[in-house]
Amino acid sequence: MYNRILVPIDLSHAERGKASIKIAEQLLDPGGTIIALNVVEEVPAYVAAELPGDMLGELQKNAEIALQEATAGSSRTIEHEVRRGSPAGVIVATAEELGVNLVIIASHRPGLADYFLGSTASSVVRHAKCPVLVDR
Ligand code: ADP
């Protein structure tokens, strides 16, 4: 039923991402692809100008490595995407650009059990043009 599934992963809570990958593995068609996405948050230009060296480039490289680790061991085809920007907007835009037919997102960061939906998750649910599965 789903042959391209996008799993956005907040790398500071990678265990939630691993749980979402497991759900994606169950729902994915044979021969389908899971796309694991991390969004490195942009900082304002005046802050970026003060950062030493290419710190955002380093963050992006580290995110690529962490995404590989978070998805290691899966028997399914997994592609990795690291993008920069505001997480919710980038998740919605990437889902459209890559033509996915399902997004699987965690409801909120661990420990905030009273939250119905975190800010990123709720924005993705409101704006995505494809189905969104919220893992609670
Ligand atoms: P909270 O508001 O409690 O921090 P969020 O809505 O931000 O919760 O996070 C819920 C989920 O949104 C995460 O588990 C992840 O799936 C996704 N998400 C949040 N931030 C990012 C990010 N920078 N890159 C990719 N996915 C993210």
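Which residue forms a salt bridge with Arg-83? In this predicted model, local features require pLDDT of at least 70 and side-chain atom pairs pLDDT 80 or more, while totals for chains, interfaces and linings use all residues. Residues are numbered from 1 along each chain as its sequence is written, and side-chain values use heavy atoms, with hydrogens and water left out.

The partner of Arg-83 is Glu-97, with the closest N and O atoms 2.8 Å apart; a salt bridge is a side-chain nitrogen of Lys or Arg within 4 Å of a carboxyl oxygen of Asp or Glu. Arg-83 lies in strand E3 and Glu-97 in helix H4 (residues 87–97), 14 residues apart. Helices (H or I, at least four residues) and strands (E, at least two) are DSSP runs, numbered from the N terminus. Glu-97 is exposed, with a relative accessible area of 53%; exposed denotes over 50%, buried under 20% and partly exposed the range in between (1.4 Å probe, protein chains only). Glu-81, Arg-83 and Glu-97 are linked in a network of salt bridges.

The whole structure contains five salt bridges. One of them joins Arg-16 to Asp-135, the closest N and O atoms being 3.8 Å apart. This pair links distant parts of the chain, with Arg-16 in helix H1 and Asp-135 in strand E5, 119 residues apart. Arg-16 counts as buried because its relative accessibility is 17%, and Asp-135 is also buried, at 14%. A further salt bridge connects Lys-129 with Glu-96 at 3.5 Å between the closest N and O atoms. Lys-129 lies in the loop between helix H5 (119–127) and E5, and Glu-96 in helix H4, so the pair ties together parts 33 residues apart in sequence. Lys-129 is exposed at 69% relative accessibility, whereas Glu-96 is partly exposed at 45%.

The five strands form an open sheet in the order E3-E2-E1-E4-E5, with parallel pairing; two strands pair if DSSP finds at least two bridges between them. Strands E3 (77–85) and E5 (132–135) are the edge strands, each pairing on one side only. Strand E1 (residues 2–8) is mostly covered, five of its seven residues being buried. Six bridges join E1 to the parallel strand E2 (residues 28–41). Tyr-2 stands opposite Leu-28 in E2, and Val-7 has Ala-36 in E2 as its bridge partner. E1 also pairs in the parallel sense with strand E4 (residues 102–106), over two bridges, and Ile-5 stands opposite Leu-102 in E4.
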